[in-house]
Amino acid sequence: METNPLSLNTFTTEKESATENEYRPTKIFIPDLLARWPWPRRINPQYAAVKKESATWTASFGAFSPKAQHAFDCCDFNLIACLGYPTAKKEHARAGCDLMNIFFVIDEYSDVSEPYEVQKQKDAIMDALRNPHKPRPKGEWIGGEMARQFWELTTRNASKGSQKRFILAFDEYLEAVVQQAIDRSGHRIRDIKSYFDLRRRTIGTRPTFSLIELALDIPDEIMSSPTIQEMTLASTDMIILKNDVASYNLEQSRGDDSHNILRVVTNEFGTDVNGAMLWTQDLHTKLEQKFLGAMAALPEWDEPLNSQVKEYCNGLGNWIRANNDWCFESGRYFGDRGLEIKEKRWMDLMPKQRNNGMQEIGPVLVDSSLL
């Protein structure tokens, strides 16, 4: 992830990048980034129950049209939560489902909003999280009330440390979403180093990881220790790579791939997408080694703290598997062909779509016949 320190500009514009069709293969290779990952797929036994509760709750806000809501439901963000928190008790699994649904409501709205609008969305959400018992003002964007209800319910069964770290992490996440909107409005493509600087926050892993510790009581000095911070950073970067690999084809077809490592790598090195896939695979292997090495070097503490730290760190390792499996099992990126593509490891490059007017807020069903 090293870049030229003498570079005068952090950004390049889309106009300065290689011409659109200069490096455009007809098929995309999907590397098996978790071929050697030791954490197996696991799912919370409360999945069916909490999915029903959270999906009903999310739909009650009327964030999308019926068509877009159907596409949102096909993404099954409750699945990623139950893969990510496989041992959580029911109330914590429900909190995970609600958080994942909120993340992607924010994602759908911020993607089509101007930076000043995204800033207002951030302000509403953070005020709601800091004041979960205060009624939201009439006419406010629905994200504020979603956040308020989520946090009011979650804090009933959450440790003080997890609450504090979640608020800090979510503020950082939303600030990065605002910056992403600024980048998008300026048609900017970052270099690799500055991309990771921003993407480590827009990916939302730190607030996600805070929910691993809802039932834990780990002091700040241990959570901020170099070993745990190294594991947190490595797991975040691996999740970024997997998510960007899975989402790239859909994003490039819709002209929304500027915040994706594959576009950044092709732009910086002048390679095609499959060359960028190999670069990503090589980096992922190095990150795996860094994570596993840090985990092996974890210090020992007195009980029950030692068991809690190990539970948290195992949760980080599990989330890397969870994100990967959800990408293929849900309809978010591959429609109904995710498991087939996971097995074949190849798919067709989707054609560019044309925007013929105002874009409806919310996801659109993936046409898997184009894959």
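This report covers the aromatic pairs, nonpolar core, backbone exceptions and cavities of a predicted model.

## Basis

The model is predicted, so local features need pLDDT of at least 70 and side-chain atom pairs count only at pLDDT 80 or more, while totals for chains, interfaces and linings use all residues. Residues are numbered from 1 along each chain as its sequence is written, and side-chain values use heavy atoms, with hydrogens and water left out.

Helices (H or I, at least four residues) and strands (E, at least two) are DSSP runs numbered from the N terminus. Buried stands for under 20% relative accessible area, exposed for over 50%, and partly exposed for values in between, with a 1.4 Å probe and protein chains only.

## Aromatic pairs

Rings of Phe, Tyr and Trp (its six-membered ring) pair if their centres lie within 6.5 Å; planes under 30 degrees apart are stacked, over 60 edge-to-face, and the rest tilted. The count by this rule is 23 aromatic pairs. One of them is the edge-to-face pair of Trp-39 and Phe-291, with 5.8 Å centre to centre and 80° between the planes. Trp-39 lies in the loop between strand E2 (27–29) and helix H1 (47–59) and Phe-291 in helix H13 (residues 273–296), so the pair ties together parts 252 residues apart in sequence. Trp-39 is buried at a relative accessible area of 12%, and Phe-291 is buried at 0%.

A single aromatic cluster is formed by Phe-64, Phe-72, Phe-77, Phe-104, Tyr-109, Trp-141, Trp-326 and Tyr-333.

A nonpolar core is a set of buried Ala, Val, Leu, Ile, Met, Phe, Trp, Tyr and Cys residues joined through side-chain atoms within 4.5 Å. The largest such core has 107 residues, of which Leu-129, Phe-170, Phe-291 and Tyr-312 touch the most other members. Contact is defined as heavy atoms within 4.5 Å. Apart from neighbours within four places in sequence, Phe-170 is in contact with Leu-99, Phe-103, Ile-106, Ile-125, Met-126, Leu-129 and Pro-207.

Helix H4 (residues 90–110) is mostly covered, with 18 of its 21 residues buried.

## Backbone exceptions

Most residues other than glycine have a negative phi, and most peptide bonds are trans. Glu-303 and Pro-304 are joined by a cis peptide bond with omega about 5°; Pro-304 is in the loop between H13 and helix H14 (305–329).

Two non-glycine residues with positive phi are described here. Asp-76 has phi near 50° and sits in the loop between helix H2 (66–75) and helix H3 (77–84); Asp-76 is buried, at 9% relative accessibility. His-187 has phi near 55° and sits in the loop between helix H7 (160–185) and strand E3 (188–190); His-187 is partly exposed, at 49%.

Asp-76 also belongs to the surroundings of Tyr-47: not counting residues up to four places away in sequence, Tyr-47 touches Asp-76, Asn-78, Leu-79 and Cys-82. Tyr-47 is in helix H1.

## Cavities

On a 1 Å grid over the protein atoms alone, a cavity is a set of points where a 1.4 Å probe fits but cannot get out, and lining residues have an atom within 4 Å of a point. Points are joined across faces, edges and corners, and volume is the space filled by probe spheres set on them. The count is 2 cavities of 30 Å³ or more.

The largest cavity has a volume of about 80 Å³. Its lining consists of Gln-180, Asp-183, Arg-184, Arg-188, Ile-189, Arg-190, Tyr-195, Asp-256, Ser-258 and His-259. H7 and E3 are the elements that give two or more residues to this lining.

Definitions and conventions
1 Å grid on protein atoms, 1.4 Å probe; cavity = no way out; pocket = protein on both sides within 12 Å on 5 of 7 lines; lining within 4 Å.
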